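Here are some notes for a first look at this structure.

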Amino acid sequence: MRSNQHARLVAMVAALPFFVIMMNVRRRCLHVGPAFTSSSRNSGDRPQRRCLRRGHASHSFDGSSGSISSTRYPSLNFDAAHGPVQLLRKEPPVWLVNNFLTAEDCNALIEEGREGLRPEKIYEGSFVVFDEERLQPLAIAAATLCAFVSWVFHGDAFAAMTAFALAIVSVACLKETVRWYSETVAAAGGQGGARFTGSKWQLGPPFPGGPAEGARERLLEGVRQLCGLPGIQWMEPPFLTRYKFGEGQAAHLDSRERPKPGAEAEEVAAFERIGGQRVVQCLVYLNDVDMETCGGATSFLHEALAGLRVQPVAGSALVFCTAFANGDEDLRMVHCAEPLHGSKEVEKWIVPLWALERKHHDWHQWEHHAVQSC
């Protein structure tokens with residue numbers, strides 16, 4: 001009989017700190033997110049692998065003509081593409097445009113990166129803040145409460161001391177479990193650059209006589225025509241990206257979270273100043289990478305895309321809508337850049353570009369000043 005009581009006591013002691021710590025985490029003792037976004041949003045569908053936010057309901061797609069419905073997705077003009085266009089997935093739509101950029105332009109952009117002619121972007125990626133100081137009083141309070149309950153029900157000092165010790169141990173174990181989860185799982189679900197490892201350079205105006213003179217302009221003009229934009233100012237200022245052996249980017253979304261209703265006017269103005277929502281992504285590959293032997297594939301993780309993996313081919317452009325035509329994020333587009341492996345000399349060069357829903361008002365400043373951090 002006494003052993004049953006002790007078993008119930010141990011179960012109660014182990015369970016109480018768990019529920020208390022979970023409530024404390026929900027009350028923002030644990031903060032998780034990428035360094036440049038606010039908290040995650042719940043859209044009400046099933047959770048996605050390694051991503052904190054949740055999926056969006058599917059929308060219709062007219063694949064018969066290779067075009068997308070303007071009422072569902074941003075309009076795209078594939079007639080402006082110089083090479084053949086492959087429809088990789090119908091819903092949500094994903095395309096691969098071949099020969100989007102010439103081999104000469106690809107090599108010129110890579111050469112400019114190798115020569116270090118561009119300002120480098122200091123990428124801070126995701127952060128996880130785990131406030132341990134708030135959990136220390138919780139551990140003491142929970143342990144004291146457990147010891148008191150044990151004393152009241154059993155009148156046994158040894159049982160009370162055992163309950164106190166078990167509560168302290170339980171909180172410590174749960175703290176480490178939450179730390180592990182936040183650092184290895186939750187951090188990978190951030191938006192726009194979670195767990196990025198690699199190098200980025202500001203792809204600003206060309207240097208007269210530089211290796212990429214004219215290549216940048218042709219690249220931006222190609223994306224402008226494809227997305228039907230009034231000018232390149234309706235695109236996010238581009239960066240040249242290089243991955244080396246062991247580098248990649250974990251699961252993330254490249255769309256932006258809109259300021260919530262009732263947000264401060266300054267927050268809304270800042271969102272609009274940088275062009276609002278990213279609506280279309282055009283990921284241009286500058287070199288070939290064999291994804292079977294060296295990795296480096298762009299991999300989509302939502303079940304709607306059935307494990308789509310795209311191999312980098314020099315000059316090709318992977319195109320997909322990061323948001324719907326109304327600016328709502330398409331949370332099914334969670335993807336990653338698989339780490340490079342195999343040869344130590346392997347590299348992957350890309351230029352990711354995003355079409356915006358409105359004009360980016362910092363283009364002039366960006367063109368004339370080096371970016372030091374993000």
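1. The model is predicted. To begin with a contact between a charge and a ring: the charged end of Arg 278 lies over the ring of Trp 354, at 3.8 Å from the ring centre. A second case involves Lys 200, whose charged end sits over the ring of Phe 196, 4.7 Å from its centre.

2. Five aromatic pairs turn up in a search of the whole structure. One of them joins Tyr 73 and Phe 324 in a tilted arrangement, with 5.4 Å from centre to centre and 35° between the planes. Tyr 73 belongs to the loop between strand E3 (51-54) and strand E4 (85-89), and Phe 324 to the loop between strand E14 (317-321) and strand E15 (335-337), so the pair ties together parts that are 251 residues apart in sequence. Both Tyr 73 and Phe 324 are buried.

3. Eight strands form an open sheet with antiparallel pairing, in the order E4-E5-E14-E11-E16-E9-E8-E6. At the edges are E4 and strand E6 (120-121), each of which pairs on one side only.

4. Within the sheet, strand E11 (residues 278-285) and E14 run antiparallel and are joined by five bridges. Val 284 stands opposite Ala 317 in E14.

5. Which strands does helix H2 (residues 103-114) touch where it packs on the sheet? They are strand E8 (199-202), strand E9 (239-244), E11 and strand E16 (347-356). The direction of H2 makes about 105° with that of E16.

6. Helix H5 (residues 215-227) also packs on the sheet, in contact with E11, E14 and E16. Its direction makes about 45° with that of E16.

Definitions and conventions
Residues numbered from 1 in each chain as written. Predicted model: local features only at pLDDT ≥ 70, side-chain atom pairs only at ≥ 80, totals over all residues. Heavy atoms only, no water. Phe/Tyr/Trp six-rings, centres within 6.5 Å; stacked < 30°, edge-to-face > 60°. Helix = DSSP H or I, 4+ residues; strand = E, 2+ residues; numbered from the N terminus. Buried < 20%, exposed > 50% of the residue type's maximum accessible area, 1.4 Å probe, protein only. Lys NZ or Arg CZ within 6 Å of the ring centre and 35° of its normal. Pairing = 2+ DSSP bridges. Contact = heavy atoms within 4.5 Å. Axes fitted to C-alpha atoms, helices over the stretch in contact; angles between N-to-C directions.
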